[in-house]
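Below is a short note for a reader who is opening this structure for the first time. The points go from each chain as a whole to selected parts.

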Amino acid sequence: MAGVSSDTIRSEVSKLKGELPDSIIRELQGSLLRVGKERAIMREQLEEIIKNARQAYTNAMVEPGEAVGTVAAQSIGEPGTQMTLRTFHYAGVAELNVTLGLPRIIEIIDARKTPSAPLMTIFLKEKFGKSKEKAREFAQKIELTTVEDVALQTETDLINIMFVITLNRSRLQRRGLTPTKVASSIKDTFKIDVGVDGYKLRMKPSTATLSELRRLATKVRILPLHGIKGITRVVVKMEKDEYVVYTEGSNLAEVLAMPEVDRARTMTNNIREIGEVLGIEAARNSIINEAVKTLEEQGLEVDLRHMMLAADMMTTSGEVRQVGRHGISGEKASVLARASFEITTKHLVDACVHGERDRLNGIIENVIAGQPIPLGTGSVELVMRREREGGSK
Amino acid sequence: MRIPKVIDGIDFGVMSPEDIRKMSVTKVIAADTYDEDGYPIERGLMDSRLGVVDPGLRCRTCGARAGECPGHFGHVELARQVIHVGYIDTVHDCLRATCRNKNCGRILLSTQKLEEFRKQLEDIKRNGGKWWEVSDQIVRSAATVEKCPHCGEKQLRIKFEKPTTFMEGKNRLTSSDVRERLENIKDDDALLLGIDLKVARPEWMILTVLPVPPVTVRPSITLESGVRSEDDLTHKLVDIIRINQRLAENIEAGAPHLIVEDLWELLQYHVTTYFDNGVSGIPPARHRSGRVLRTLAQRLRGKEGRFRGNLSGKRVDFSARTVVSPDPNISINEIGFPEHIAQILTIPVRVTEYNVEELRNLVRRGTDIYPGANNVISPEGKRYDLRYADREEIANKLEPGFIIERHLKDGDIVIFNRQPSLHRMSIMAHEVRVLPGRTFRLNLCVCPPYNADFDGDEMNVHAPQSEEAQAEARILMRVQEQILSPRFGGPIIGGIQDHITGAYMLTRKGTLLTREQTQQLLAYVGVFPELPKPVVREKGTEYWTGKQIFSMLLPKGLSTTFKAKVCENCARCKEEDCEIDAYVVIRDGQLLNGVIDARSYKALDRCEILDRIVKDYGTTAAREFLDRVTRLSIAAAVMFGFTTSIDDEDIPPEAKERISEIMDKARERVNKLIEVYNAGELEPLPGRSLRETLEMKIMEVLAESRDSAGTIAEKHLGLDNHAVIMARTGARGSMLNLTQMAACVGQQSVRGERLSRGYRRRTLPHYKPDDLGANARGFVSSSYKSGLGPLEFFFHAMGGREGLVDTAVRTAQSGYMQRRLINALQDLRVEYDGTVRDDRGAIVQFTYGEDGVDPARSDKGKAVNVEKLIERIIGGK
């Protein structure tokens with residue numbers, strides 16, 4: 001007996017559109033088409049499957065009043081005790097340090113300005129990514145090089161009040177620099193004369209005092225010669241069929257501006273930076289991705305929806321907010337909720353001056369007041385008309 | 001019925017001096033508490049108009065006795081004004097931002113600018129936002145203005161000195177000066193400074209009158225010796241009143257300016273520490289004994305403060321706590337309950353004409369005979385304590401409308417909890433089952449959600465009182481409803497340890513059981529089905545396979561296929577022909593192929609069978625399955641016998657030799673690497689120093705040899721070995737644990753590196769300085785079984801210590817993280833329109849999780865398991 005045609009499958013399945021999420025419809029259609037090629041699917045079977053899929057989805061829906069926030073917080077927090085505390089680990093790229101485990105999760109939740117180990121994964125456009133030389137060249141171009149990096153030694157000559165740098169020849173060459181180039185960039189930045197003597201550079205501060213000399217010395221040492229600010233180390237790795245550039249340090253805006261870079265795939269682990277450069281939606285996705293990555297690496301199973309909710313809460317205001325007193329908890333509408341979290345007295349006293357009113361809409365406020373909380377069965381308010389007083393047997 | 005009052009909102013505001021006087025029942029002038037006879041001094045701090053705490057006395061304000069009188073405020077008229085520390089920042093802002101000219105007092109910004117700000121502020125206010133955030137900007141820009149744009153007065157810089165002093169240029173501003181300035185602030189400007197005139201005036205932040213809290217807020221305690229000990233607040237108030245009096249007298253007597261100033265400052269100090277004894281800049285006030293006083297702010301703050309300690313978390317009645325112990329024979333829904341506790345915890349039952357007789361009997365039995373009752377409440381609300389009352393008389397009086405508080409009995413619902421309550425499965429509802437003994441008993445399957453073991457763990461029980469609460473607990477919180485964890489959509493309640501080994505031994509190939517054995521097992525489970533056809537008949541005896549018996553517990557119609565935990569992940573799966581029977585096939589409730597192990601029903605594992613039963617047959621079926629299958633497994637383990645001892649890790653001498661060869665070779669390879677390094681010929685990895693490269697290479701070599709030693713040991717540890725059964729089926733332990741016992745423990749590490757600290761340039765004085773060899777840096781080549789050498793033992797302890805420290809630090813860190821997460825997310829809930837909103841009603845997600853699916857009801861995160869659905873309806877391959 002012949003089964004239904006693939007067109008029938010398509011049209012029948014697509015009737016679910018709007019009712020079920022697209023991802024499920026796509027999966028259902030794909031699987032049915034695949035099975036249909038091997039064996040015949042009867043009309044009744046197809047209908048049964050679609051009916052069941054609809055039923056399964058309806059059964060799996062969240063119920064109104066469900067405390068999804070608390071569940072999400074617990075689901076992310078509970079496995080925290082099982083995570084490692086080891087900060088640095090070598091994941092994937094053996095050459096670079098990566099923050100992992102509990103410290104990384106805390107870092108994400110904290111929405112720190114800069115993570116403790118900022119890291120970029122730079123993908124290159126086809127013609128650069130396929131060639132080892134071009135990838136290397138690019139890597140060299142973005143790596144931040146300071147005077148200190150190319151110096152063999154530096155000394156402050158206190159007698160002549162002079163700062164002397166002895167440059168390292170091979171390091172200079174590797175970075176495509178010459179002593180004159182270094183000298184001229186020092187000259188341009190500090191507006192002082194630099195004497196070049198082979199690989200020795202001599203310079204005097206504008207005013208000949210010892211303190212001025214020391215100031216100059218420290219400033220010259222960290223003077224960037226070329227590269228991108230923040231990118232301190234670069235590693236080129238072959239991955240699948242292309243070369244990928246990994247960097248320690250992150251500067252998304254400037255890296256994305258480079259013509260060699262594949263902007264769609266290049267990533268950084270600095271969430272705040274993503275928010276600033278690419279916008280809040282990107283930051284939200286990046287929070288989810290980073291959290292999932294960290295949890296997965298630890299072998300902990302946490303549903304994606306929990307991370308989504310946490311990320312959405314962190315980003316609803318339009319900027320990345322921390323989970324804690326300087327972010328979400330500090331900006332709560334309720335005085336009592338804020339006071340019961342941290343910095344109790346300050347919140348109470350300020351509320352008095354401002355004449356705030358706590359509307360008791362949240363959870364903790366109602367716990368404090370000793371009332372049912374507006375969650376789950378407590379979120380239902382029942383109005384009942386008493387038709388008849390008393391009962392009958 | 002009493003209709004409960006509902007608090008709709010709470011307003012915050014500053015009290016005006018008039019408010020304080022109006023609410024006061026008496027002026028307090030005496031700095032003393034009690035007279036010689038122990039009676040409260042009139043107009044003293046313990047004046048009986050302020051309320052009573054001692055039994056027997058009556059409050060002179062409301063006439064109520066101790067415990068009923070809520071207490072009443074008094075007040076102290078301060079001889080000089082004093083700044084309230086809590087408002088010091090706001091006062092500072094007001095001073096900085098306003099003109100110093102008495103006749104002006106405006107904010108130091110042009111009218112136009114102020115109007116702009118006002119507009120901005122009112123916009124926010126209209127939308128219910130935090131309008132006072134605008135005032136921060138206003139203050140910031142006004143503070144730097146040097147000339148008043150309104151009157152042209154030149155402004156001086158106001159310097160704030162912690163905690164309560166203001167300097168203007170070189171002159172010090174007294175509290176009266178400050179108050180004068182604040183009084184001068186125009187009404188229109190106050191709002192711009194963040195002060196809501198409806199509830200506060202700027203000058204109210206300077207105190208002229210101090211409220212004295214009721215005695216009930218600061219009760220004194222009588223020690224055993226009869227000595228009275230006053231509360232810290234009372235001590236502080238005594239100080240304030242005393243200094244206040246002295247100050248008043250001195251002013252009256254026209255004392256020199258300097259003395260008055262000093263006393264004024266002292267008064268300021270006392271009032272400041274009375275409000276907050278932890279402000280920076282001044283030494284905290286101390287008790288005579290040197291203990292730091294716990295004043296108002298300290299009472300509210302912190303973990304044990306009023307907010308976190310008493311308001312967010314409250315002590316409750318109807319609760320019990322004792323040690324927990326296991327009972328494999330009760331259902332996962334049940335809790336074994338000591339009779340003694342059942343006699344103390346009660347549930348109120350309303351007398352109806354249907355249950356009068358039953359309840360009369362309970363009343364007659366009283367408090368001491370189990371099942372009895374403890375209290376009877378008459379319809380008028382009179383309470384009879386059955387310990388003392390004439391029970392027979394009360395029992396005869398019972399009629400509909402009475403409420404009796406009866407002992408807990410089998411089938412009652414109670415709430416069971418183990419701290420730390422990290423997720424919602426830490427608190428679940430169980431059905432009472434009264435058992436002899438003094439501990440709470442729980443089924444072993446519920447250990448994972450509570451994270452309980454029986455090494456002395458204690459747990460708490462709460463008995464919900466109202467029918468509503470009991471119904472909610474039963475429907476929403478019962479253990480069987482919590483089998484699936486919302487964290488990942490898989491079972492968190494399931495078999496553990498022996499449940500897995502037992503099931504494995506029963507279902508593995510070659511398990512044949514006689515009729516007697518079969519009956520024995522099923523009797524233990526408590527099911528008596530008709531036996532299927534025996535598969536083997538030999539010399540007149542019939543034999544059944546373990547799989548057949550296991551199948552009797554599976555629901556009809558269950559079909560699934562999966563790979564067991566013991567599966568070795570061969571490159572090409574032999575499916576039904578697998579030597580170790582790792583390919584599990586279940587068709588229509590019959591286990592046709594494969595062994596049952598962790599994959600099938602272990603908690604927190606993939607749980608293929610249990611998972612399907614919960615999702616396709618419901619939680620009741622799942623509970624029944626779990627109760628039965630664990631009993632069967634344990635019965636099987638008892639029948640076949642299961643034990644493990646140190647000779648489970650025995651390996652033949654040849655293998656030991658091979659292993660020690662590998663170890664020697666590893667050491668040699670490490671030495672070679674070090675030589676290469678010393679010769680400067682080591683090629684560094686990109687971005688790493690030579691030393692780091694060396695370490696990484698050495699670690700790699702040692703890890704590799706540890707693994708190959710393990711592999712050799714594993715070859716001699718087959719699936720007939722009980723320790724191996726536990727590891728391979730996923731019941732307990734891992735192959736790594738076993739190889740560490742049998743072959744080699746491996747590298748010890750601290751912070752992910754080989755051990756390096758201790759002595760200068762070496763770990764221990766037994767080695768030469770800078771020895772980088774395997775042994776010198778904590779490689780343990782012995783096995784646990786053969787025993788560790790003294791040096792190895794020490795290194796092992798180093799690694800072990802890090803583990804302990806790590807655990808301690810981690811619990812603290814993750815605990816705080818969870819507290820923050822909960823606090824940030826707790827107000828979110830799903831609304832009837834499917835959106836997720838916070839307590840303001842602001843939408844956070846338009847559809848929960850982008851598809852509206854509850855992870856606890858999902859199939860591993862997916863709403864519909866398409867594969868299984870198609871397999872079920874069209875049939876397997």
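1. Helices (DSSP runs of H or I, at least four residues) and strands (DSSP runs of E, at least two) are numbered from the N terminus. This is a predicted model, in which local features need pLDDT of at least 70, side-chain atom pairs count only at pLDDT 80 or more, and totals for chains, interfaces and linings use all residues. Residues are numbered from 1 along each chain as its sequence is written, while chains are lettered from A and ligands numbered from 1 in the order in which they are written.

2. Chain B contains 26 helices and 31 strands. Its radius of gyration is 38 Å, well over the 29 Å that the globule rule gives for 877 residues, so chain B is more spread out than a compact globule. The radius is taken over C-alpha atoms, and the rule is 2.2 Å times the number of residues to the power 0.38. The C-alpha trace of chain B spans about 120 × 100 × 65 Å along its principal axes.

3. Of the 877 residues in chain B, 41% are buried. A residue is buried if 20 or more other C-beta atoms lie within 10 Å of its own, exposed if 12 or fewer, and partly exposed in between, with C-beta atoms placed from the backbone. Among contacts in chain B with a separation of 6 or more, 67% come from residues 24 or more positions apart; a contact requires C-beta atoms, placed from the backbone, within 7 Å.

4. Chain B is divided into domain 1 (85-203), domain 2 (319-482), domain 3 (498-639), domain 4 (646-803) and domain 5 (829-871). These bounds come from an automatic or database domain assignment. Between domain 1 and domain 4 of chain B, the C-alpha centres are 70 Å apart.

5. Helix α7 (residues 232-252) of chain B has 21 residues, which at 1.5 Å a residue should span 30 Å; its end C-alpha atoms are 30 Å apart, in agreement. The expected span is 1.5 Å times one less than the number of residues. Buried residues of α7(B) include B:Leu233, B:Leu237, B:Ile240 and B:Leu247. The buried residues of this helix pack against β2 (74-83), β6 (206-212) and α8 (257-275) of chain B. After α7(B) comes B:Gly254, with a positive phi near 70 degrees.

6. Just after α3(B), B:Gly128 has a positive phi of about 75 degrees.

7. Leaving out residues up to four places away in sequence, B:Cys99 touches residues including B:Cys104, B:Cys148, B:His150 and B:Cys151.

8. Chain A has 18 helices and 13 strands. Its radius of gyration is 31 Å, whereas a compact globule of 393 residues would have one near 21 Å. Along the principal axes, the C-alpha trace of chain A spans about 110 × 75 × 35 Å. Buried residues make up 40% of the 393 in chain A.

9. The domain assignment of chain A gives domain 1 (6-60), domain 2 (145-226) and domain 3 (332-379). The C-alpha centres of domain 2 and domain 3 of chain A lie 60 Å apart.

10. In chain A, four strands make an open antiparallel sheet in the order β5-β6-β8-β7. Strands pair if DSSP finds at least two bridges between them. The edge strands of this sheet are β5 (151-157) and β7 (194-197) of chain A, each pairing on one side only. From one strand to the next, the twist averages 15 degrees; axes are lines fitted to C-alpha atoms, for helices over the stretch in contact, and angles run from 0 to 180 degrees between N-to-C directions. Helix α10 (residues 179-190) of chain A packs on the sheet and touches β6, β7 and β8 of chain A, its direction making about 170 degrees with that of β7(A). Helix α11 (residues 210-221) of chain A packs on the sheet as well, touching β5 and β6 of chain A.

11. Another open sheet of four strands in chain A has the order β10-β11-β3-β12, with antiparallel pairing. β10 (233-239) and β12 (267-268) of chain A each have a single partner strand, so one side of each is left without a neighbour in the sheet. A:Thr121 stands opposite A:Met267 in β12(A).

Note on methods. Contact = placed C-beta atoms within 7 Å.
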